[in-house]
Amino acid sequence: MSVLSFDKVTVTARLGGRSVDVLRDLSFDLRQDEIIGLVGESGAGKSMIGRTVSGLLPENFSVSSGDIRFDGKDLLTLGKAERRALLGRKIVFIPQEPLSALNPVRTIGAQFGEHLQHLGIEKPRRRALMIERLRQAQLRNAEEALLRYPHELSGGQCQRVLIAMAFAGEPMLVIADEPTTALDVMTQARIVRLIAEQQAAHHTALLFITHDLRLAAHVCRKVGVMYAGDMVEFGPAAAVLKAPSHSYTKSLLAAMPDLTGPLRVLPALSDHMPGIGSFADLPGCRFAPRCPAKDQSCAKTRLPPREIAEGHWVRCAERCSAGGPLQAGAPLEVLHSDKDRGNPAVAFDNVRLSYQSSRGFLGLQRARFDAVKAATFSIREGEILGIVGESGSGKTSIGRLIAGLEQPSAGTISIDGEDHVQDGRIIHLTRRDTQLIFQDPQSALNPRRSVFRLLTQALEAGAGYKPENVRRPSAELLLKDVGLPPDCLDRFPAQLSGGQRQRVNIGRALGANPKLVVADEIVSGLDVSVQAHILNCLLDLNRRHGLTIVFISHDLAVVRYLCSRVLMMCGGEIVEEGETEAVFRHPRHPYTKALLEAVPPESADRAWPPLLQ
Amino acid sequence: MQKPVSSNVSAAVLKPVAGRWSPPKAALWAAALSPKVVVGASIVAVMVICALFAPYIAPNDPADQDLTNMLLPPVWSAEGLAQYPLGTDSLGRCILSQMIYGARVALLVGFFAAVGAMLLGTTLALLAGYFGGWVDRLISQLVDLWMSLPPVVLSLTLMVGFGTGVGNVILSIVLVDWTRFCRVVRSEVIVVRRKDFVAAARLLGFGDFRIIMREILPSVAPLIITLFTLQVGIGVIVEAILSFVGLSVPADVPAWGMMIAGARNYMYQAPWGLFLPIIAIFVTVLGFNLLGEGLRVSLDPRLRKRSV
């Protein structure tokens, strides 16, 4: 029985007098007890589908043609009140940010109870039902959780509450919009498992929206790949993952680093996904400007969906689907950090970083929190060292210690064999040869500086001072180094895309001509194709110029691609250390094992998610 | 110097960002075109022209007394005279001319008091917000203490101590109103200070002074501009209060507050003498508030409409 069906749905936005098709000709059919995955990078229009179903389209956006049917009813002709009555009862959402989806000033019990009231459940039955549902969502201490406020629970626990709420009213359709993006890797595996279990238990239809094609392939039976408002490929999940047929799907998969198998250079796509402002100039396949196999015809006219196997169709030319130009890149030369190679650039000896907080009456009680506990390791010249851990593991604190932004509470840090504090000054702050690339370019780039002034910031003051006429050519060189076009120089961060901003962020750190760069989660907010660019850029800087890089990340596949050596961190402690290949192939510490298991594997044949406690 | 190298990824030529971009100039244009700013700026412009060119605009010398024509109504009523378009006060002085000349004192005091309060308040706010710790505690507690004094009583007391005169009026307003700047700007400085670009500047070898001037001040500048415009309006009001009680400028200088004080005794016989200077104050302050509010919306990136 069909629960949600889209038939040639086009959503049109009016932008300054022009109409732009934000979703083009979208068709799919979601049946009861079925999961369909919608995959796409940011800007692909996948969240727009959820908003179309709920009727919460932004101003100036409207469904201009096509049919949306929910449980046989035409959603578009349904009255406002009837449509609203469906939301929260028959159609429910699992949001991306669990913490912001819950009201911070009301307890879990109050919010869950209100939801049950909305579902028409009488008061005496509510409490028992809530506890039962929270238990089913594997929330520990369900009774106690009812009295808690959202901030007292972790992100994963809040998501469990929201999942319990979503399935409480036996809905027909659940739309999960990036439900695990804000969570840690291990939590992601558990939450995905929970959603799949609940879906199976309640025979619900589930629309699973994500940016991770591998994740979708393991959760869903069918996946649709979205690009700039088009569904470019649709088919059985295993088939799409094993034999991608659209050029975009191929390049998306090729740009994802693997956790197993031979290392290969990631082929990165040029440019980035067009914004809706430029949709009007792309009448044909919207991927054509970036497609390595495009020709005149597919850029001008939109190809009809072509069925290549039972239930697997693609909007791409026949010559591209077979074989195609986008195969795996050249093998990557693996650098092994031999014990003899390179002197230790930075050495940590029993370094502890603690924060004191005052509590109680007049702040007399002191509480100590150790962000880093007795860390001993060294970074050798010319290597790329990976630091892996989940949020709160202390990996960012290590990065800030290396850069000199934090001072150790105990232990010593030596740089090139000397103590890092001399005459009361931190030597790398005065030498400026250690730079930190911050995670969020939004916060790391002063919005009031132009790209030129950001890149040459190091030349403005202090020992590196250079007059204006010298700065210009060096800014142009830096721009080239990070792979940005020359016309970016006079723009401001707000006028750049996320990937471009991250490049400027890297370029500014390089402008100080550092010997060591600490990159703190610099690709975690980026789309896969942009991520491949940035990774290749870092590899190039390391291989050609011998730049030492400390790469902090939670993404194991990315760390494997980039780093020769890796430190695994958990709860402020380094639990495992070694060459990346060796650690990932034969993990010793249970934490490393669990982390490796929590990553969705490349092949759809391996069952995932694993059973986790 | 950066090593002259180019990376293999640069082969991938990136195209300009899709859609319209908005350089800071565009933000200024957007600001200039919002209705609040247009109306506010027009009012302010008219007031500034009146103040600057008072001798050429005013029909009479505001100090000239015409004792045969006391308490004349405006020209449109039956007893009005064309010579005094808005009538005369109890000493037979031209109300319109006094109002035009009164704009001089009002704007002079409003503008310079705002400049002074801005400089003092912003400096302390930057120090408190940037350095934190005991500097912040000291300055914040001073502000709290200062703000618990009733502002009008404080400026009255200061005026009694200093004596009348435009310079002293400005000084007393600065000493009362710097706290407003300090408190608001400080909290914004704290927000900016936590941004990663400030830490990045430290890693690039920037000293504290340079970070404050190059990174923090430009980020809080829109807020300061907005507060400044609002403060001019507040200065105009405080000046009117002080001149109303005769503690502002000497009696021979026309001021709106003084006109209200003079017309107070005759408000039943000649209400226009009371209402006209009140309208002048009202319109001026409204102009500055509209301008300030309009600038706040246009200069604050959080309130700016997102262009797609």
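The structure is a predicted model. Its largest nonpolar core comprises 257 residues, and helix α4 of chain B supplies the largest share of this core, 19 residues.

**Nonpolar core**
- Within the largest core, the residues with the most contacts are A:A216, A:A519, A:L535, A:V550, A:F551 and A:L562.
- The contribution of 19 residues comes from α4 of chain B, which covers residues 95-131.
- When residues up to four places away in sequence are not counted, A:A216 touches A:G37, A:V39, A:F208, A:T210, A:V223 and A:A237.

**Hairpin of β23 and β24 in chain A**
- Strand β23 (residues 565-570) and strand β24 (residues 573-579) of chain A run antiparallel and are joined by six bridges.
- Across this pairing, A:V566 stands opposite A:G578 of β24(A).
- Two residues lie between the strands of the hairpin, and A:G571 adopts a positive phi near 55 degrees.

**Helix α2 in chain B**
- Helix α2 of chain B spans residues 35-52, 18 residues in total.
- At 1.5 Å a residue, α2(B) should span 26 Å, and the 25 Å between its end C-alpha atoms agrees with this expectation.
- Its buried residues are B:V37, B:G40, B:M47 and B:C50.

Conventions
Residues are numbered from 1 along each chain as its sequence is written. Chains are lettered from A and ligands numbered from 1 in the order in which they are written. This is a predicted model: local features need pLDDT of at least 70, side-chain atom pairs count only at pLDDT 80 or more; totals for chains, interfaces and linings use all residues. Two strands pair if DSSP finds at least two bridges between them. Helices (H or I, at least four residues) and strands (E, at least two) are DSSP runs, numbered from the N terminus. A nonpolar core is a set of buried Ala, Val, Leu, Ile, Met, Phe, Trp, Tyr and Cys residues joined through C-beta atoms within 7 Å. A residue is buried if 20 or more other C-beta atoms lie within 10 Å of its own, exposed if 12 or fewer, and partly exposed in between; C-beta atoms are placed from the backbone. Two residues are in contact if their C-beta atoms, placed from the backbone, lie within 7 Å. The expected span of a helix is 1.5 Å times one less than its number of residues.
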